[in-house]
Amino acid sequence: ICWSIRGGWHRPRVQPYGPIALDPAAAVLHYGQEIFEGIKAYRHADGSVHTFRPDQNGRRLQRSARRLALPELPVQYFIQSLRELIAVDGSWVPSGDDQSLYLRPFMFAKEAFLGVRPAQKVGYYLIASPAGAYFSGGVKPVTIWLSEDYARAGKGGTGAAKTGGNYAASLLPQSEAYENGCDQVVFLDADRNVEELGGMNVVFVYKDGTIVTPQSPSILEGITRDSILQLAKDRGHKVEAREVSLQEWRDGVASGDIVEVFACGTAAVVTPIGALKSAEFIDEQPIGELALSLREELTDIQYGRREDKHGWLVRLDA
Ligand code: PMP
(Lines give C-alpha, C1' and ligand atoms only; values in the text may rest on other atoms or scores of the structure.)
Protein backbone atom coordinates (compact mmCIF):
# COMPACT_ATOMS: atom_id res chain seq x y z
CA ILE A 1 0.00 0.00 0.00
CA CYS A 2 1.65 3.23 -1.10
CA TRP A 3 0.94 6.91 -0.92
CA SER A 4 3.23 9.44 -2.54
CA ILE A 5 3.52 13.10 -1.85
CA ARG A 6 3.32 14.67 -5.30
CA GLY A 7 0.81 17.33 -4.45
CA GLY A 8 -0.58 15.36 -1.52
CA TRP A 9 -1.33 11.82 -0.48
CA HIS A 10 -2.62 9.73 -3.35
CA ARG A 11 -5.11 6.88 -3.29
CA PRO A 12 -3.62 3.74 -1.79
CA ARG A 13 -2.67 0.93 -4.12
CA VAL A 14 -2.65 -2.66 -2.95
CA GLN A 15 -0.12 -4.78 -4.78
CA PRO A 16 1.37 -8.24 -4.34
CA TYR A 17 4.31 -8.33 -1.96
CA GLY A 18 7.57 -7.82 -3.84
CA PRO A 19 10.67 -5.64 -4.32
CA ILE A 20 10.35 -1.83 -4.41
CA ALA A 21 12.21 -0.19 -7.30
CA LEU A 22 14.43 2.61 -6.00
CA ASP A 23 16.73 5.02 -7.77
CA PRO A 24 20.30 4.44 -6.50
CA ALA A 25 20.34 8.12 -5.49
CA ALA A 26 17.11 7.80 -3.41
CA ALA A 27 17.62 9.95 -0.31
CA VAL A 28 16.71 7.15 2.11
CA LEU A 29 19.69 5.06 0.97
CA HIS A 30 22.16 7.83 1.78
CA TYR A 31 20.70 9.92 4.56
CA GLY A 32 18.38 7.50 6.33
CA GLN A 33 15.29 9.68 5.97
CA GLU A 34 12.73 7.08 7.03
CA ILE A 35 10.39 6.21 9.87
CA PHE A 36 8.23 3.25 10.83
CA GLU A 37 5.75 1.78 13.28
CA GLY A 38 5.00 -1.62 14.78
CA ILE A 39 1.43 -2.67 15.65
CA LYS A 40 -0.49 -5.95 15.77
CA ALA A 41 -3.87 -7.26 14.65
CA TYR A 42 -5.52 -9.83 16.94
CA ARG A 43 -8.23 -12.36 16.13
CA HIS A 44 -10.92 -12.68 18.79
CA ALA A 45 -12.76 -15.90 19.63
CA ASP A 46 -15.77 -14.80 17.50
CA GLY A 47 -13.47 -14.44 14.47
CA SER A 48 -13.43 -10.62 14.40
CA VAL A 49 -10.12 -8.78 13.91
CA HIS A 50 -9.02 -5.91 16.13
CA THR A 51 -6.01 -3.71 16.60
CA PHE A 52 -4.84 -1.90 19.69
CA ARG A 53 -4.71 1.90 20.08
CA PRO A 54 -3.85 2.62 16.42
CA ASP A 55 -4.46 6.34 16.98
CA GLN A 56 -1.40 6.27 19.25
CA ASN A 57 0.77 4.64 16.60
CA GLY A 58 -0.59 7.07 14.00
CA ARG A 59 0.27 10.03 16.20
CA ARG A 60 3.72 8.66 16.98
CA LEU A 61 4.32 8.22 13.23
CA GLN A 62 3.43 11.91 12.83
CA ARG A 63 5.87 12.92 15.58
CA SER A 64 8.58 10.79 13.95
CA ALA A 65 7.74 12.40 10.58
CA ARG A 66 8.16 15.88 12.02
CA ARG A 67 11.61 15.05 13.42
CA LEU A 68 12.76 13.41 10.18
CA ALA A 69 11.44 16.26 8.00
CA LEU A 70 8.91 13.93 6.36
CA PRO A 71 5.27 14.87 5.62
CA GLU A 72 2.75 13.88 8.29
CA LEU A 73 0.32 11.17 7.27
CA PRO A 74 -3.15 12.00 8.64
CA VAL A 75 -4.05 9.53 11.42
CA GLN A 76 -7.27 8.54 9.62
CA TYR A 77 -5.22 7.48 6.55
CA PHE A 78 -2.93 5.49 8.84
CA ILE A 79 -5.87 3.59 10.33
CA GLN A 80 -7.46 3.23 6.86
CA SER A 81 -4.25 1.58 5.61
CA LEU A 82 -4.54 -1.07 8.35
CA ARG A 83 -8.18 -1.71 7.42
CA GLU A 84 -7.41 -1.96 3.71
CA LEU A 85 -4.70 -4.51 4.29
CA ILE A 86 -7.02 -6.67 6.41
CA ALA A 87 -9.73 -6.25 3.73
CA VAL A 88 -7.42 -7.87 1.15
CA ASP A 89 -7.36 -11.12 3.07
CA GLY A 90 -8.55 -11.36 6.65
CA SER A 91 -7.25 -14.92 6.92
CA TRP A 92 -3.75 -13.46 7.26
CA VAL A 93 -4.60 -12.82 10.91
CA PRO A 94 -3.87 -16.11 12.69
CA SER A 95 -6.02 -17.38 15.52
CA GLY A 96 -4.81 -18.92 18.74
CA ASP A 97 -3.04 -17.96 21.94
CA ASP A 98 -0.40 -15.26 21.49
CA GLN A 99 -0.81 -15.37 17.69
CA SER A 100 -1.18 -12.10 15.80
CA LEU A 101 -0.53 -10.35 12.52
CA TYR A 102 2.37 -7.96 12.98
CA LEU A 103 1.83 -4.81 10.92
CA ARG A 104 4.78 -2.71 9.81
CA PRO A 105 3.86 0.73 8.43
CA PHE A 106 6.82 2.71 7.10
CA MET A 107 7.59 5.89 5.20
CA PHE A 108 10.76 6.85 3.39
CA ALA A 109 12.31 9.42 1.07
CA LYS A 110 12.26 8.14 -2.52
CA GLU A 111 13.44 11.29 -4.25
CA ALA A 112 16.75 10.92 -6.08
CA PHE A 113 19.38 13.62 -5.44
CA LEU A 114 22.74 13.81 -3.71
CA GLY A 115 22.56 17.10 -1.80
CA VAL A 116 21.58 16.98 1.85
CA ARG A 117 18.04 18.35 2.16
CA PRO A 118 14.59 16.98 2.99
CA ALA A 119 13.09 15.01 0.11
CA GLN A 120 9.86 16.14 -1.58
CA LYS A 121 8.82 12.70 -2.79
CA VAL A 122 8.16 10.02 -0.23
CA GLY A 123 6.27 6.76 -0.05
CA TYR A 124 4.18 5.27 2.76
CA TYR A 125 3.94 1.49 2.76
CA LEU A 126 2.45 -1.18 4.96
CA ILE A 127 3.59 -4.79 5.06
CA ALA A 128 2.51 -7.54 7.46
CA SER A 129 3.74 -10.83 8.81
CA PRO A 130 2.09 -13.41 11.09
CA ALA A 131 3.72 -13.48 14.52
CA GLY A 132 3.67 -16.40 16.92
CA ALA A 133 4.41 -16.37 20.63
CA TYR A 134 7.51 -14.26 21.30
CA PHE A 135 8.75 -16.71 23.92
CA SER A 136 8.57 -20.41 23.16
CA GLY A 137 7.68 -22.35 26.29
CA GLY A 138 6.35 -19.37 28.27
CA VAL A 139 7.70 -15.99 29.35
CA LYS A 140 11.25 -16.19 30.73
CA PRO A 141 13.15 -13.43 32.54
CA VAL A 142 15.70 -11.84 30.20
CA THR A 143 19.30 -10.89 30.94
CA ILE A 144 20.22 -7.35 30.04
CA TRP A 145 23.62 -6.05 28.95
CA LEU A 146 24.51 -2.53 30.06
CA SER A 147 26.07 -0.70 27.12
CA GLU A 148 28.74 1.57 28.63
CA ASP A 149 30.48 2.48 25.37
CA TYR A 150 27.60 3.23 23.04
CA ALA A 151 24.46 5.37 22.97
CA ARG A 152 21.42 4.78 20.74
CA ALA A 153 20.56 8.45 20.57
CA GLY A 154 22.04 11.77 21.69
CA LYS A 155 20.66 14.94 23.19
CA GLY A 156 18.60 16.77 20.57
CA GLY A 157 18.88 13.72 18.29
CA THR A 158 16.27 11.33 16.96
CA GLY A 159 15.84 9.09 20.03
CA ALA A 160 12.14 9.87 20.46
CA ALA A 161 11.42 9.09 16.80
CA LYS A 162 10.97 5.59 15.43
CA THR A 163 13.61 5.85 12.74
CA GLY A 164 16.15 3.38 11.42
CA GLY A 165 19.19 5.38 12.53
CA ASN A 166 18.46 4.68 16.21
CA TYR A 167 18.26 0.96 15.45
CA ALA A 168 21.42 1.08 13.31
CA ALA A 169 23.21 2.58 16.33
CA SER A 170 21.91 -0.25 18.53
CA LEU A 171 23.11 -3.17 16.36
CA LEU A 172 26.73 -3.25 17.51
CA PRO A 173 25.84 -2.99 21.23
CA GLN A 174 23.18 -5.68 20.66
CA SER A 175 25.91 -7.98 19.25
CA GLU A 176 28.02 -7.14 22.30
CA ALA A 177 25.07 -8.19 24.48
CA TYR A 178 24.86 -11.59 22.70
CA GLU A 179 28.64 -12.10 23.01
CA ASN A 180 28.27 -11.55 26.74
CA GLY A 181 25.47 -14.08 27.06
CA CYS A 182 22.69 -11.47 27.33
CA ASP A 183 19.37 -11.26 25.48
CA GLN A 184 19.00 -7.50 25.22
CA VAL A 185 20.94 -4.29 25.68
CA VAL A 186 19.96 -1.35 27.90
CA PHE A 187 21.09 2.15 26.98
CA LEU A 188 21.90 5.06 29.27
CA ASP A 189 21.71 8.72 28.27
CA ALA A 190 24.64 11.15 28.54
CA ASP A 191 23.80 11.80 32.24
CA ARG A 192 23.84 8.04 33.01
CA ASN A 193 20.08 7.92 33.34
CA VAL A 194 18.35 4.75 32.20
CA GLU A 195 16.85 5.10 28.74
CA GLU A 196 15.42 1.90 27.26
CA LEU A 197 16.32 -1.40 25.63
CA GLY A 198 16.93 -1.75 21.88
CA GLY A 199 13.20 -2.29 21.28
CA MET A 200 11.44 -2.09 24.66
CA ASN A 201 10.83 0.38 27.48
CA VAL A 202 11.83 -0.29 31.10
CA VAL A 203 9.58 -0.24 34.18
CA PHE A 204 10.58 -0.44 37.86
CA VAL A 205 8.29 -1.57 40.69
CA TYR A 206 9.06 -0.14 44.13
CA LYS A 207 8.35 -1.75 47.50
CA ASP A 208 5.56 0.73 48.28
CA GLY A 209 3.79 -0.20 45.04
CA THR A 210 4.94 2.85 43.07
CA ILE A 211 5.65 2.13 39.43
CA VAL A 212 8.37 4.19 37.78
CA THR A 213 9.38 4.39 34.13
CA PRO A 214 12.34 6.42 32.89
CA GLN A 215 11.51 9.65 31.12
CA SER A 216 13.84 11.64 28.89
CA PRO A 217 13.63 13.47 25.55
CA SER A 218 15.59 10.64 23.86
CA ILE A 219 13.26 7.74 24.81
CA LEU A 220 10.82 6.22 22.32
CA GLU A 221 7.56 6.46 24.24
CA GLY A 222 6.02 3.02 23.99
CA ILE A 223 2.30 2.44 23.65
CA THR A 224 2.65 -0.77 25.67
CA ARG A 225 4.34 1.23 28.45
CA ASP A 226 1.56 3.79 28.49
CA SER A 227 -1.10 1.05 28.56
CA ILE A 228 0.63 -0.93 31.32
CA LEU A 229 0.97 2.22 33.44
CA GLN A 230 -2.75 2.95 32.93
CA LEU A 231 -3.71 -0.58 33.99
CA ALA A 232 -1.47 -0.25 37.07
CA LYS A 233 -3.09 3.11 37.87
CA ASP A 234 -6.52 1.47 37.58
CA ARG A 235 -5.37 -1.02 40.21
CA GLY A 236 -4.45 1.83 42.56
CA HIS A 237 -0.71 1.96 41.97
CA LYS A 238 1.04 5.31 42.01
CA VAL A 239 2.70 5.80 38.64
CA GLU A 240 5.64 8.08 37.77
CA ALA A 241 7.51 8.87 34.55
CA ARG A 242 10.75 10.53 35.61
CA GLU A 243 14.54 10.35 35.37
CA VAL A 244 15.99 7.16 36.85
CA SER A 245 19.77 7.02 37.17
CA LEU A 246 21.71 3.78 36.85
CA GLN A 247 22.77 4.38 40.47
CA GLU A 248 19.13 4.55 41.62
CA TRP A 249 18.43 1.26 39.84
CA ARG A 250 21.46 -0.55 41.31
CA ASP A 251 21.00 0.90 44.83
CA GLY A 252 17.24 0.21 44.74
CA VAL A 253 17.79 -3.45 43.90
CA ALA A 254 20.58 -3.80 46.48
CA SER A 255 18.48 -2.26 49.27
CA GLY A 256 15.27 -4.08 48.35
CA ASP A 257 13.43 -0.82 47.50
CA ILE A 258 12.99 -2.03 43.92
CA VAL A 259 11.07 -5.30 43.97
CA GLU A 260 10.63 -5.95 40.25
CA VAL A 261 12.01 -4.72 36.93
CA PHE A 262 10.44 -5.46 33.56
CA ALA A 263 10.57 -4.46 29.92
CA CYS A 264 7.60 -3.89 27.63
CA GLY A 265 6.85 -3.39 23.95
CA THR A 266 4.46 -4.52 21.22
CA ALA A 267 6.50 -7.57 20.19
CA ALA A 268 7.19 -9.22 23.57
CA VAL A 269 4.37 -7.43 25.48
CA VAL A 270 5.91 -7.62 28.98
CA THR A 271 9.00 -9.53 30.06
CA PRO A 272 10.62 -9.63 33.50
CA ILE A 273 14.29 -8.61 33.67
CA GLY A 274 16.24 -11.31 35.51
CA ALA A 275 19.72 -9.82 35.59
CA LEU A 276 21.65 -6.67 34.69
CA LYS A 277 25.18 -7.39 33.51
CA SER A 278 28.10 -5.15 32.56
CA ALA A 279 31.87 -5.57 32.12
CA GLU A 280 32.17 -4.86 35.88
CA PHE A 281 29.18 -6.43 37.61
CA ILE A 282 26.20 -8.76 37.50
CA ASP A 283 23.14 -7.61 39.47
CA GLU A 284 20.52 -10.31 39.84
CA GLN A 285 17.07 -8.68 39.72
CA PRO A 286 14.17 -9.48 42.03
CA ILE A 287 11.32 -11.33 40.32
CA GLY A 288 7.77 -10.43 41.38
CA GLU A 289 4.22 -11.14 40.30
CA LEU A 290 3.16 -7.80 38.89
CA ALA A 291 4.83 -7.99 35.47
CA LEU A 292 3.10 -11.23 34.52
CA SER A 293 -0.22 -10.19 35.99
CA LEU A 294 -0.21 -6.91 34.01
CA ARG A 295 0.87 -8.85 30.93
CA GLU A 296 -2.11 -11.15 31.32
CA GLU A 297 -4.53 -8.27 31.79
CA LEU A 298 -3.22 -6.47 28.71
CA THR A 299 -3.25 -9.53 26.45
CA ASP A 300 -6.75 -10.43 27.72
CA ILE A 301 -7.94 -7.00 26.53
CA GLN A 302 -6.12 -7.32 23.19
CA TYR A 303 -7.62 -10.76 22.50
CA GLY A 304 -11.10 -9.76 23.63
CA ARG A 305 -11.15 -11.95 26.74
CA ARG A 306 -11.64 -9.05 29.13
CA GLU A 307 -13.64 -5.84 29.01
CA ASP A 308 -11.94 -3.03 27.06
CA LYS A 309 -12.71 -0.32 29.64
CA HIS A 310 -10.57 2.33 27.98
CA GLY A 311 -11.89 1.78 24.45
CA TRP A 312 -8.43 0.79 23.19
CA LEU A 313 -9.52 -1.75 20.58
CA VAL A 314 -10.41 -0.77 17.03
CA ARG A 315 -12.13 -3.33 14.84
CA LEU A 316 -10.41 -3.68 11.46
CA ASP A 317 -12.61 -6.16 9.59
CA ALA A 318 -15.92 -4.30 9.69
N1 PMP B 1 11.59 1.46 22.58
C2 PMP B 1 12.03 1.12 21.35
C3 PMP B 1 13.39 1.57 20.93
C4 PMP B 1 11.21 0.34 20.48
O5 PMP B 1 11.65 -0.01 19.28
C6 PMP B 1 9.93 -0.05 20.94
C7 PMP B 1 9.04 -0.87 20.04
N8 PMP B 1 8.25 -0.05 19.20
C9 PMP B 1 9.51 0.35 22.22
C10 PMP B 1 10.37 1.11 23.01
C11 PMP B 1 8.15 -0.03 22.75
O12 PMP B 1 7.15 0.66 22.05
P13 PMP B 1 5.68 0.01 21.87
O14 PMP B 1 5.22 -0.37 23.20
O15 PMP B 1 4.89 1.10 21.25
O16 PMP B 1 5.87 -1.16 20.97
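**Group meeting: ligand shell, domains and cores**

By class, the shell around the ligand holds three nonpolar, seven polar and two charged residues. Here Ala, Val, Leu, Ile, Met, Phe, Trp, Tyr, Cys and Pro count as nonpolar, Asp, Glu, Lys and Arg as charged, and the others, Gly among them, as polar. This is a predicted model: local features need pLDDT of at least 70, side-chain atom pairs count only at pLDDT 80 or more, and totals for chains, interfaces and linings use all residues. Residues are numbered from 1 along each chain as its sequence is written.

Staying with the ligand, the residues around it are Gly38, Glu196, Gly199, Met200, Asn201, Leu220, Gly222, Ile223, Thr224, Arg225, Gly265 and Thr266.

Now the whole chain. There are seven helices and 16 strands; these are DSSP runs, with helices being H or I of at least four residues and strands E of at least two, numbered from the N terminus. The radius of gyration is 20 Å, close to the 20 Å that the globule rule gives for 318 residues, so the chain is as compact as a globular protein of that length. That radius is taken over C-alpha atoms, and the rule is 2.2 Å times the number of residues to the power 0.38.

Next, the domains. The assignment, which is automatic or from a database, gives domain 1 (3-132 + 309-315) and domain 2 (142-287). Their centres, taken over C-alpha atoms, are 26 Å apart. In domain 1, 18 residues are in contact with 11 residues of domain 2, contact meaning C-beta atoms, placed from the backbone, within 7 Å. On the domain 1 side, strand 2 (34-36), strand 3 (39-43) and helix 2 (54-67) each give two or more residues. Helix 2 gives the most, six residues. By class, that side has five nonpolar, six polar and seven charged residues.

Last, the cores. A nonpolar core is a set of buried Ala, Val, Leu, Ile, Met, Phe, Trp, Tyr and Cys residues joined through C-beta atoms within 7 Å; buried means 20 or more other C-beta atoms within 10 Å of the residue's own. The largest core has 38 residues, and those with the most contacts inside it include Ile144, Phe204 and Phe262. A second, separate core of 15 residues includes Ala27, Leu68, Phe78 and Tyr124.

Key. Near = placed C-beta within 6 Å. Contact = placed C-beta atoms within 7 Å. Buried ≥ 20, exposed ≤ 12 C-beta atoms within 10 Å, placed from the backbone.
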